[in-house]
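Me: I would like to learn how to read a model like this one. Please take me through it feature by feature.

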Amino acid sequence: MELQLALDLVNIPEAIALVKEVEEHIDIVEIGTPVVINEGLHAVKAIKEAFPNLKVLADLKIMDAAGYEVMKASEAGADIITILGTAEDMSIKGAVEEAKKQGKKILVDMIAVKDLADRAKEVDAMGVDYICVHTGYDLQAIGKNSFEDLQTIKSVVKNAKTAIAGGIKLETLPEVVKVQPDLVIVGGGITGQADKKAVAAKMQQMIN
Ligand SMILES: O=C([C@H](O)CO)[C@H](O)[C@H](O)COP(=O)(O)O
């Protein structure tokens, strides 16, 4: 199981400082959608240059023009790029094709997908690398989480790795670990803590 640190509410210098604190306890750094909106793909480039040994995920949440956007994120140094599960099949296939050309990976974010089991089977058959259940900030605000959804995709996905994101904290991590996803994505559960290094270390220990 791998641990991904999601950075959403920081600028580039803050992101670098944050990763420095926890780098030995994480596998992947996510440049979150709000960071890409504020800073552009420069943020991906800056983190990859500062931490060449960590994988970097660009959370573009692609919906269209997938081949082009995967190409640009790859050029910036991203190792993994996200596309939405609600995107057209043609877009997801285009993302996979371009990622293969560039030697990169595609993570499909299943946020807001209604027919989760069926859509997970479909995107799994398209050759994507990760399928991720995700409760976004807006549904976290009304107490939702993705723990049941993780069990759903674990039971139908045959090829891709499984992942979970959205509001995961130290206290809720045991429930996630029980289901054994391949990737656990944590943002505020680390970045919002006073001792980020200690929390990341504990999470890494629980995951392994
Ligand atoms: O993808 C995310 C969200 O949509 C904002 O871009 C977050 O990175 C993801 O939810 C993980 O962050 P936390 O929910 O704070 O753990």
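**Ligand shell, confidence and a helix pair**

Me: How many residues surround the ligand, and which are the closest?

Reply: A residue is near a molecule if its C-beta atom, placed from the backbone, lies within 6 Å of it. Here 18 residues surround the ligand, and the closest are Ala6, Gly32, Thr33, Gly187 and Gly188. Helix 2 (33-39), strand 8 (183-186) and helix 10 (188-191) each give two or more residues to this shell. Helices (H or I, at least four residues) and strands (E, at least two) are DSSP runs, numbered from the N terminus. Residues are numbered from 1 along each chain as its sequence is written.

Me: How far does the predictor trust this model?

Reply: This is a predicted model: local features need pLDDT of at least 70, side-chain atom pairs count only at pLDDT 80 or more, and totals for chains, interfaces and linings use all residues. pLDDT is the predictor's confidence in each residue, from 0 to 100. The protein chain averages 98, with 100% of the residues at 70 or above. The model scores ipTM 0.97 and pTM 0.98.

Me: How do helix 4 and helix 5 cross?

Reply: Axes are lines fitted to C-alpha atoms, for helices over the stretch in contact; angles run from 0 to 180 degrees between N-to-C directions. The axes of helix 4 (residues 66-76) and helix 5 (residues 89-102) come within 7 Å and cross at roughly 30°.

Me: Which residues of helix 4 meet helix 5?

Reply: Contact requires C-beta atoms, placed from the backbone, within 7 Å. Helix 4 contributes Ala66, Gly67, Val70, Met71 and Ser74. Their partners in helix 5 include Ser91, Ile92, Ala95 and Gln102.

Notes: Two residues are in contact if their C-beta atoms, placed from the backbone, lie within 7 Å.
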